[in-house]
Amino acid sequence: MKRIKRFTPAQRLFHLILMLSFVFQSVSGLARMYVGTEWGLFLANLFGGFQEALILHKWVGLFMLAGFGVHLLYILIKIDWRRFPKSVYGPDSLLPRLEDASQALQHAKWMVGMSEWPRFDRWGYWEKFDYWAVSWGICVLGGTGLLLYLPVYSSLYIPGWVLNIVLWVHRIEAILAMAHVFIIHLFIGHLRRHNFPMDLVMFEGSVDLEKVRHERPDWVDRLEKEGKLQEATVDNSPVSFRIACYIFGFVMIGGCLYLLVNGLSNARELFG
Amino acid sequence: MKKFWAMIYRDAQKTNRRFLICLIGAILFAIHGIVYTAPAFAQKEVTSSSYRQQERERRSRIYEKYEYKRYTHQPFVQRKTPRTELITLAPTAEKVRFRKYMADSHWGLRFYKYRTCIRCHPKQARNLHRVRAKITCRQCHGEEPIAGNSHYNSSMQPRRRYILVCAKCHEGSSPSFATYMIHEPIPIAKTTQKAFPLLFYCVWAMVAIAVGTFAAFLPHTFLWGLREFLPDSILAGFKDFLFKKRKQDEKD
């Protein structure tokens with residue numbers, strides 16, 4: 001069974017760090033958000049109290065911002081500056097292209113049986129959306145989080161009442177991010193039929209060639225045409241590694257679904 | 001006066017004798033209501049006016065300096081407030097329009113001693129200081145008498161709030177910091193558009209972004225999952241059905 005390389009170790013490491021820190025921020029943030037409920041109390045007790053949850057939330061937030069900075073540096077290093085404007089418009093780039101809109105339309109038609117499966121290249125439009133949504137989310141959540149990090153200090157530069165607005169923006173953006181990841185990202189990534197029960201591509205870094213030929217035919221055709229297919233082919237990862245990935249992945253998905261279900265079931269307390 | 005009665009008598013003669021009887025009955029009923037019923041249920045309250053006078057002297061720490069106007073008003077003054085319940089006010093307290101300028105902003109409220117803050121200010125109870133940090137009203141607003149926020153000597157006066165109140169916990173707070181709205185309005189409420197417009201528009205913009213994202217991606221995800229789950233034959237049949245029907249329509 002041939003496999004094709006999809007993510008580099010650095011990209012997988014970025015995803016792993018982002019995933020762990022995002023789930024940590026979700027748990028500590030939800031503990032603060034659901035402060036009036038039994039569940040909020042339980043989550044806060046995991047960190048040793050509401051105050052401790054806030055302190056850790058702030059530290060991990062700074063860590064995420066630092067990670068975002070490192071990711072920006074990584075992009076700057078990885079860009080092919082010799083062929084600069086052209087190199088970032090190619091099909092390997094995550095920048096949105098005109099084809100994405102037409103592919104999204106064709107994909108929607110496919111869902112109701114009106115069209116064939118679109119010929120996706122390396123990145124689908126939903127994956128590009130996810131990538132840019134994370135960047136937007138980190139900018140909004142990180143920016144508002146920095147203002148709320150030391151409110152006494154930040155109010156020297158902005159009026160204090162702006163913190164009211166900033167706190168609400170932080171809260172709504174966090175709800176949006178969590179709901180998007182827990183419902184949409186997890187479902188498309190792992191729970192739909194073709195990926196069920198789990199897609200290990202983000203952990204292993206490689207994906208089955210036949211599956212890719214079916215899902216992303218343009219990418220495989222392009223690699224074959226350029227003669228890079230052999231170069232991109234890799235071996236299977238060891239079984240023990242895959243088992244470890246499965247266990248880790250199931251724990252993470254279970255944890256995210258637990259947060260989603262409890263967040264929704266306690267939502268009434270939030271407004272009451 | 002004679003002319004008045006003569007006019008009524010003439011009218012009654014002209015129109016109907018029953019009118020006169022009804023008028024006299026109504027006047028007698030009104031007199032009965034004013035003279036008999038009202039003092040009867042307010043008697044206990046009237047006797048407590050001296051108690052209130054003593055209370056006022058104790059609060060102001062000025063004893064027997066002023067003579068107070070004798071109690072000549074209606075004993076029960078009920079004023080409807082925007083809150084959930086009626087608050088009974090003393091007759092002179094009724095004249096107060098702007099309580100935020102008073103040294104004792106709750107002056108004249110009946111049964112004030114026996115109420116909790118939240119009973120009359122339920123909306124103010126929903127704030128992060130109380131919910132998250134379990135701070136009580138008194139920790140910021142102080143002991144009795146609680147001065148109105150705009151009273152010169154109040155610790156809540158905007159010009160010294162950041163020193164006397166905020167800095168108790170937030171070390172180094174500034175006048176700008178003190179403008180943070182503890183009792184913020186509900187951001188999506190229509191009334192907030194006037195009270196705190198920037199909060200209103202920012203929160204609605206964020207809500208619009210969130211709703212837009214889910215409006216696009218929830219059906220997208222659901223349909224995708226359904227399409228992969230259903231066998232192709234069902235959708236092929238659906239497609240045939242659609243196109244056959246369209247062809248038939250064209251023929252017709």
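Chain B holds ten helices and two strands, where helices (H or I, at least four residues) and strands (E, at least two) are DSSP runs numbered from the N terminus. This is a predicted model, in which local features need pLDDT of at least 70, side-chain atom pairs count only at pLDDT 80 or more, and totals for chains, interfaces and linings use all residues. Residues are numbered from 1 along each chain as its sequence is written, while chains are lettered from A in the order in which they are written.

Read from the N terminus, chain B runs α-α-α-β-β-α-α-α-α-α-α-α. Of its 252 residues, 10% count as buried, that is, with 20 or more other C-beta atoms within 10 Å of their own, C-beta atoms being placed from the backbone.

Between the chains, 30 residues of chain A are in contact with 35 residues of chain B, a contact meaning that the C-beta atoms of two residues, placed from the backbone, lie within 7 Å. On the side of chain A that touches chain B, α8(A) gives the most, with 13 residues.

The table sets out the classes, in which Ala, Val, Leu, Ile, Met, Phe, Trp, Tyr, Cys and Pro count as nonpolar, Asp, Glu, Lys and Arg as charged, and the others, Gly among them, as polar.

| Contact of α6(A) with α8(A) | 13 residues | six residues | two residues |

Among the residues making the contact between these helices are Trp126(A) of α6(A) and Leu163(A) of α8(A).

Conventions. Buried ≥ 20, exposed ≤ 12 C-beta atoms within 10 Å, placed from the backbone.
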